[in-house]
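This briefing covers side-chain pairing, helix packing and backbone geometry. Please read it alongside the sequence and coordinates.

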Amino acid sequence: ASVFFSLSVLSILISLAASQAFLAIAALIYAAHLLRDRPEIHFPPLKLPLVLFCLGTILSVLWAANTTVGWFAVRKLVLFVILLLGANLIVSVRHLEFLFHGLFLESALAGMVAVGQFVVQYRTTLALHPDRVYATMTSERISGFMGHWMNFGGQQMLILAALLAFLLIASGIRDPGFGIRQTIQKPSWRRLFCWMVLAVVTASIVLNFTRGVWLGCFVATFYLVARWKPRWLLAIPLLLVIGYFVAPSLVRHRIEVLRHPSQDPALSIRFEMWQVAARMIRQHPWLGVGPNNIEQEYVRYLPPGKSPEPGYHAHFHNNFFQFGAERGLPVLVAWVWFMAALGWNAVKIRRRLNRLRWVAEGALAAWLALLVEGCFEFNFGTSPVLMLFLFVVSAPFVLERIDRSSAAEPSVGVQS
C-alpha cells in the first residue's frame with residue numbers, strides 16, 4: 001500500500017488517471033490490512049468538519065434539480081482518502097523527503113515542457129495571427145502534462161510553495177542528534193541545482209498567464225520570506241518593480257489590463273458570476289442549487305432581459321461562492337472550518353517539530369496560496385490540484401506521527 005501510494009503521489013504531475021489508479025490500489029490494499037491486522041489508525045484532527053462537508057454535499061445532490069450530474073462531486077469526495085493514506089503509509093522522514101524531492105524534479109520537467117509549449121505556440125501565433133497574439137496566448141495557455149492550464153498553474157503554485165520553503169528554511173533547521181544540536185548544511189551544488197529547479201518552475205508559472213496563480217505565489221513567497229528573514233520583505237517591492245520592467249511585453253500587458261476590468265473578459269465575467277452566485281445563495285441558502293447544476297441554472301439568476309457574457313459558466317471561479325451557491329451555506333461553513341483546522345493544526349505542529357520544519361512551513365504557504373487563488377478560481381474542485389494540495393497539507397501530520405513514534409520507542413543509552 002505504501003509503494004502504490006508513493007506512485008500515486010509521484011504521478012500527480014504527470015497523469016491524473018495513473019495517479020488515481022495507484023491511489024485506488026493503495027486504498028484497497030490498506031483496507032485489507034485494516035481488516036486483517038487491525039493496526040492503529042492515524043488521521044488528522046479534521047474529522048467533524050470533513051464529515052459535515054461530505055454529508056452536506058450528498059444532501060445537496062439529493063435536493064438538486066438534476067441529481068445525475070451531481071454524483072460526480074460525490075465521487076470526488078473519495079480523494080480525501082489521501083489524508084488517511086498519507087498519515088499512515090509514509091513510513092519515515094526519508095520517505096517523505098523522497099516524495100517531495102521527486103515532485104520537485106517532476107515539476108521542473110513539467111515546467112520545461114510548458115516553456116517549450118509556449119515557444120511553439122508563440123511562434124505559430126506570430127506567424128498566423130500577428131494582430132491577435134495576446135488574445136490567442138491567453139485563451140489557450142500552456143498546460144504542461146495537464147489537460148488544462150488552470151490545473152497546471154495550480155499545481156506549479158503548490159510546488160513552488162514547498163520548494164521555496166525547502167530552499168529558504170531547510171538549511172536553518174536544528175536537528176537533535178545524540179544529544180548534540182547541530183545545523184544541517186546542504187551541499188552547495190545541491191542547493192544550486194534546487195535554485196535552478198525553482199527558476200524553471202517560476203518561469204512556467206509566469207508564462208502560464210494565470211493571474212490568480214501569480215497572486216497565490218506572491219502570498220506564499222511573502223509568508224516564507226517573513227518566516228525566513230523578515231528584513232528581506234523590504235526587497236520584495238523592488239524585485240516586483242524590476243521583474244515588471246524586464247518581463248516580456250505579454251506579461252506586462254496581462255498586468256496592465258487590470259486597470260480596466262470592464263475591458264478584460266476574464267474579469268468582467270467573474271463580476272457577473274459572483275452576482276449570480278449571490279442571488280443563488282439568497283434563494284437557496286441551505287442546500288444550494290446542487291453540484292454541477294450551476295450551468296443549467298445560471299440564466300435564471302441573471303437580471304431580467306440580460307444575456308450571460310460569453311464564456312465558461314459551469315462554476316463561479318471562486319471557492320467560497322461556489323460552495324455557497326452550489327451546496328448551501330452549511331457546506332460552505334463546514335469547508336471554511338475544515339480549511340481553518342488544516343491551517344491551525346499545521347501552525348501547532350510547526351512549533352513542535354525538531355526536524356523538517358520546512359515541510360510544515362511549505363504546507364502553510366501552499367495553504368495560503370490555495371486560499372488566495374481560490375478567490376478567483378474554483379481550485380478546490382479540480383482533482384489534480386486538490387490531490388496535490390491534500391498530500392502537501394498532510395505532510396505536517398506525517399511528521400508529527402513519526403516524531404511521536406520515535407519518542408515512544410525505548411531510548412538508546414548515550415553517555416555524555
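**Salt bridges, helix packing and backbone**

Arginine 300 is exposed, having a relative accessible area of 59%. Its salt-bridge partner is glutamate 297, with N and O 2.6 Å apart, and glutamate 297 is buried at 8% relative accessibility. The model is a predicted one, and a search of the whole structure finds 11 salt bridges.

**Salt bridges**

- The side chains of arginine 270 and glutamate 377 form a salt bridge, with an N to O distance of 3.7 Å.
- Arginine 270 belongs to helix α13 (residues 265–283), whereas glutamate 377 sits in the loop between α17 (357–373) and α18 (383–408), so this pair ties together parts that are 107 residues apart in sequence.
- Arginine 270 and glutamate 377 are both buried.
- Glutamate 272 is joined to lysine 306 by a salt bridge in which the closest N and O atoms are 2.7 Å apart.
- This pair, too, links distant parts of the chain: glutamate 272 is in helix α13 and lysine 306 in the loop between α14 (294–297) and α15 (319–327), 34 residues apart.
- Glutamate 272 is buried, with a relative accessible area of 5%, while lysine 306 is partly exposed at 37%.

**Packing of α1 against α6**

- Helix α1 (residues 2–10) and helix α6 (residues 93–128) have axes that come within 9 Å and cross at roughly 25 degrees.
- Angles under 35 degrees count as roughly parallel, and α1 and α6 are therefore roughly parallel to each other.
- The crossing of α1 and α6 is right-handed.
- On the α1 side the contact involves Ser2, Ser6, Val9 and Leu10, which meet His95, Phe98, Leu99, Gly102, Leu103 and Glu106 of α6.
- The residues of the contact of α1 with α6 comprise five nonpolar, four polar and one charged.

**Packing of α6 against α9**

- The axes of α6 and helix α9 (residues 188–207) come within 8 Å, with a crossing angle of roughly 45 degrees.
- The two helices α6 and α9 are therefore oblique to each other.
- The crossing of α6 with α9 is left-handed.
- From α6, the residues in contact are His101, Phe104, Leu105, Ser107, Ala108, Gly111, Met112, Ala114, Val115 and Phe118; they meet Arg190, Phe193, Val197, Val200, Val201, Ser204 and Leu207 of α9.
- The residues of the contact of α6 with α9 divide into 12 nonpolar, four polar and one charged.

- Most residues other than glycine have a negative phi.
- Arginine 38, although not a glycine, has a positive phi of about 50 degrees.
- Arginine 38 lies in the loop between α2 (16–37) and α3 (47–63), where the residue is exposed, with a relative accessible area of 68%.
- Leucine 356 is a residue other than glycine with a positive phi, near 55 degrees.
- The loop between α16 (329–352) and α17 holds leucine 356, and leucine 356 is buried, with a relative accessible area of 10%.

Terms used:
Residues numbered from 1 in each chain as written. Predicted model: local features only at pLDDT ≥ 70, side-chain atom pairs only at ≥ 80, totals over all residues. Heavy atoms only, no water. Salt bridge = Lys/Arg side-chain N within 4 Å of Asp/Glu carboxyl O. Helix = DSSP H or I, 4+ residues; strand = E, 2+ residues; numbered from the N terminus. Buried < 20%, exposed > 50% of the residue type's maximum accessible area, 1.4 Å probe, protein only. Axes fitted to C-alpha atoms, helices over the stretch in contact; angles between N-to-C directions. Parallel < 35°, antiparallel > 145°, perpendicular 65-115°, else oblique. Left-handed = near helix turned anticlockwise from the far one by under 90°. Contact = heavy atoms within 4.5 Å. Nonpolar A, V, L, I, M, F, W, Y, C, P; charged D, E, K, R; others polar.
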